[in-house]
Amino acid sequence: MSTTDLQAYRGSLLHFLADPAFSDNAHAWHEDGLLIVADGKVQAAGDYATLHAMLPPGTTVHDYSGKLLMPGFIDTHIHYPQTDMIASPSEGLLPWLETYTFPVERGFEDPLHAAGVAEFFLDELLRCGTTTAMVYCTVHPQSVDAFFTASEARGLRMVAGKVLMDRNCPEFLRDTAESGARDTEALINRWHNRGRSQYAITPRFAPTSTNEQLHLAGELARAYPDTYIQTHVSENEAECAWVRELFPQSRSYIDVYDSYGMLRPRAMYGHCIWLDETDRRRMAETGAAAAICPTSNLFLGSGLFDFERADQAGMLVSLATDVGGGTSFSMLQTMNEAYKVARLKGSHLPALRMFYLATLGAARAMQLEGTIGNFAPGAEADFIVVDPQGTPLLQRRSSSVASLEELLFALALLGDDRAIAATYSGGRRVHVRT
């Protein structure tokens, strides 16, 4: 084995090969494992005893024995402008937007403010072990430039986009159908597939876009088929009722987007709580995916995602924090609440499935399997070092766990950012716990 920039990491390795809900051989586990990285990509992952002999003489092996190495978490729905308004109380989604969200987003017309928030936001993601996210910016193009400038400087794979919003919002946040499409196309040409940056066409949600704006967004999605689409759907019952009033011609909320050609692979829909069976089947057959946001849904009282029915329909699903409606940047805390949501809906979400949904499952939902999400040869070396004894409570609990499932369950329900010992992006360490 001979290559430039060779790095090796020893520890317990965990990554996924398939969805644990549908496969008995869904994960790979090496209690004493070795991860070999070259030029920012995974070269090999397996048992230490087997792979160590393949290393060139003198190769430094970074020793994380006693800790878990796994792919970095992927957050498929988060708003970086809402960082400073996290944990703002409200009686529901729509009042929350009017009282907190829209006033805070006004500040992102200032590029210096946007840049400062982007830096803090990325620090928080990396501290929590999140190496890729699908990010909402504001209506201001400069908010997108600030975000991608910050993420590019760190070498991160990130997806982001300018919010499109031409009605039912304050005048100071309103674009037009034409200006929104023009700015979006310019941003696509500036940032999409530049390094590890990728662009998402981003209508905020159907009520804040006119039919003309949604039509132009659909045209952009067809003109640039390898871009992403991100928006919200069926989050809150009052919101769904409002959509029925605004779009009486549509069968359902998801049908609004479908009518404009926005159900396709690389389309990520936040929440998806109040879907019916026809909606779920349509998402599955088009390759559109759901971003499940349990901390946000519980905080705003929006409802409980139905994992069982989504699985029955064959929907692509992933986990997301939805900061700042969501209450934590931590995907471990997001798993904690996802487990409880599933129980309240009468189903059970095993720990292996939760970790899958935050890694390979999210990569599949984003059509990025083979690029991120596991330790397949050639995948980008985004990974985290998880410490099962990262908190005093975890120390006590991990001493008595009897299986990998129990260990992961303890991390999901008891863990927080203190369990993340280090975060690597493209083979480069971008965070270390101090």
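These questions and answers look at helix packing and aromatic pairs in a predicted model.

User: How do H4 and H5 pack: roughly parallel or roughly antiparallel?
Analyst: Helix H4 covers residues 141–153 and helix H5 covers residues 177–191. Their axes lie 11 Å apart, at an angle of about 15°. Angles under 35 degrees count as roughly parallel. So H4 and H5 are roughly parallel.

User: Which residues of H5 make the contact with H4?
Analyst: The crossing of the two helices is right-handed. H4 brings Pro141, Val144, Asp145, Phe148, Thr149 and Glu152 to the contact. By class, the contact has 5 nonpolar, 1 polar and 4 charged residues. From H5 come Asp183, Leu187, Arg190 and Trp191.

User: What class of aromatic pair do Tyr80 and Phe147 form?
Analyst: Tyr80 sits in the loop between strand E5 and helix H2, and Phe147 in helix H4, 67 residues apart. Their ring centres are 5.4 Å apart. Their planes stand at 35°, so the pair is tilted.

User: Is Tyr80 buried or exposed?
Analyst: Buried means under 20% relative accessible area. Tyr80 has 0%, so Tyr80 is buried.

User: Which helices does the pair of Tyr339 and Phe409 tie together?
Analyst: The pair is edge-to-face, with 4.9 Å centre to centre and 80° between the planes. Tyr339 is buried at 16% relative accessibility, whereas Phe409 is partly exposed at 26%. The two parts are 70 residues apart in sequence. Tyr339 lies in helix H12 and Phe409 in helix H16, so the pair ties together H12 and H16.

Terms used
Residues are numbered from 1 along each chain as its sequence is written. This is a predicted model: local features need pLDDT of at least 70, side-chain atom pairs count only at pLDDT 80 or more; totals for chains, interfaces and linings use all residues. Side-chain values use heavy atoms; hydrogens and water are left out. Axes are lines fitted to C-alpha atoms, for helices over the stretch in contact, and angles run from 0 to 180 degrees between N-to-C directions. Helices (H or I, at least four residues) and strands (E, at least two) are DSSP runs, numbered from the N terminus. Angles under 35 degrees count as roughly parallel, over 145 as roughly antiparallel, 65 to 115 as roughly perpendicular and the rest as oblique. A crossing is left-handed if the near helix is turned anticlockwise from the far one by less than a right angle, and right-handed if clockwise. Contact means heavy atoms within 4.5 Å. Ala, Val, Leu, Ile, Met, Phe, Trp, Tyr, Cys and Pro count as nonpolar, Asp, Glu, Lys and Arg as charged, and the others, Gly among them, as polar. Rings of Phe, Tyr and Trp (its six-membered ring) pair if their centres lie within 6.5 Å; planes under 30 degrees apart count as stacked, over 60 as edge-to-face and the rest as tilted. Buried means under 20% relative accessible area, exposed over 50%, partly exposed in between (1.4 Å probe, protein chains only).
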